[in-house]
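Colleague: Please take a close look at one helix pair for me. Keep it brisk.

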Amino acid sequence: ELTPAQLQVLSKARVLVLNDVGLEFWADDAVSAANNPDLIVVDTSQGLAILGGDAGESSGNPHIWLDPINAIHQVEKIRDALIQADPDGAEVYRANAERYIGELKALDQEIRNRVATFSSKKFIAFHPAWVYFAQRYGLEQAAVVETTPGKEPSPAEIAEIVKTARAIGAKAIFAEPQFSPKAAEVIAAESGAEVLFLNPLGEPPDFSYLDTMRYNVGEMEKALK
């Protein structure tokens with residue numbers, strides 16, 4: 001949840017960009033507490049087809065940004081909010097958005113070309129972050145290590161995932177750097193696979209979306225090509 005210092009920033013902000021789909025569960029209370037009537041709040045998920053989430057995601061699966069075509073939609077939403085907040089800068093915002101959307105379209109085509117070389121389309125993820133990506137590029141999430149991040153699977157669930165991993169000939173079990181890989185390591189050891197890391201968020205300080213997505217496709221290539 002927001003710290004007092006972050007709430008102070010929000011009280012003076014002109015635009016608040018949300019992924020939404022329940023990801024920023026604190027947003028409504030924070031916006032109310034910020035008491036900033038001029039704040040423009042943009043929900044970048046609005047207009048997208050939202051896939052079902054797990055038991056802890058009543059609003060649906062929030063990982064919309066991991067599909068670059070969805071990311072284009074989000075860029076457009078951000079552009080429009082910035083223009084609303086600062087009409088004098090409209091030309092700059094449109095030009096920057098157009099340039100970045102061009103880069104996202106190129107990324108989408110690059111991913112399509114690389115996925116086309118995969119010999120396997122099924123993978124085992126750490127948690128259900130990659131369903132939008134999988135749907136876009138014809139892949140299949142065969143199983144997940146943790147249905148809810150931070151809640152380790154039971155022995156019975158591990159046995160079931162190991163069974164799935166063997167059935168699909170999984171070369172790798174994907175973990176995520178934000179969480180302990182312990183359960184993934186157990187499953188990998190039992191199924192004869194290795195542990196590789198997919199990163200849905202990127203690394204500080206720059207959080208480059210393009211670099212992060214290329215890294216993730218590279219890790220998938222190691223397991224699926």
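Modeller: Take helix α6 (residues 155-168) and helix α7 (residues 182-191): their axes come within 9 Å and cross at roughly 50°. That angle makes α6 oblique to α7. Angles under 35 degrees count as roughly parallel, over 145 as roughly antiparallel, 65 to 115 as roughly perpendicular, and the rest as oblique. Axes here are lines fitted to C-alpha atoms, for helices over the stretch in contact, and angles run from 0 to 180 degrees between N-to-C directions. Helices are DSSP runs (H or I, at least four residues), numbered from the N terminus.

The model is predicted: local features need pLDDT of at least 70, side-chain atom pairs count only at pLDDT 80 or more, and totals for chains, interfaces and linings use all residues. Residues are numbered from 1 along each chain as its sequence is written, and side-chain values use heavy atoms, with hydrogens and water left out.

Now the handedness. The crossing of α6 and α7 is right-handed, that is, the near helix is turned clockwise from the far one by less than a right angle.

Next, the contact (heavy atoms within 4.5 Å). From α6 come Ile158, Ile161, Val162, Ala165 and Arg166. They meet Val186, Ile187, Glu190 and Ser191 in α7. The residues of this contact divide into 6 nonpolar, 1 polar and 2 charged. Ala, Val, Leu, Ile, Met, Phe, Trp, Tyr, Cys and Pro count as nonpolar, Asp, Glu, Lys and Arg as charged, and the others, Gly among them, as polar.

Definitions and conventions:
Helices (H or I, at least four residues) and strands (E, at least two) are DSSP runs, numbered from the N terminus.
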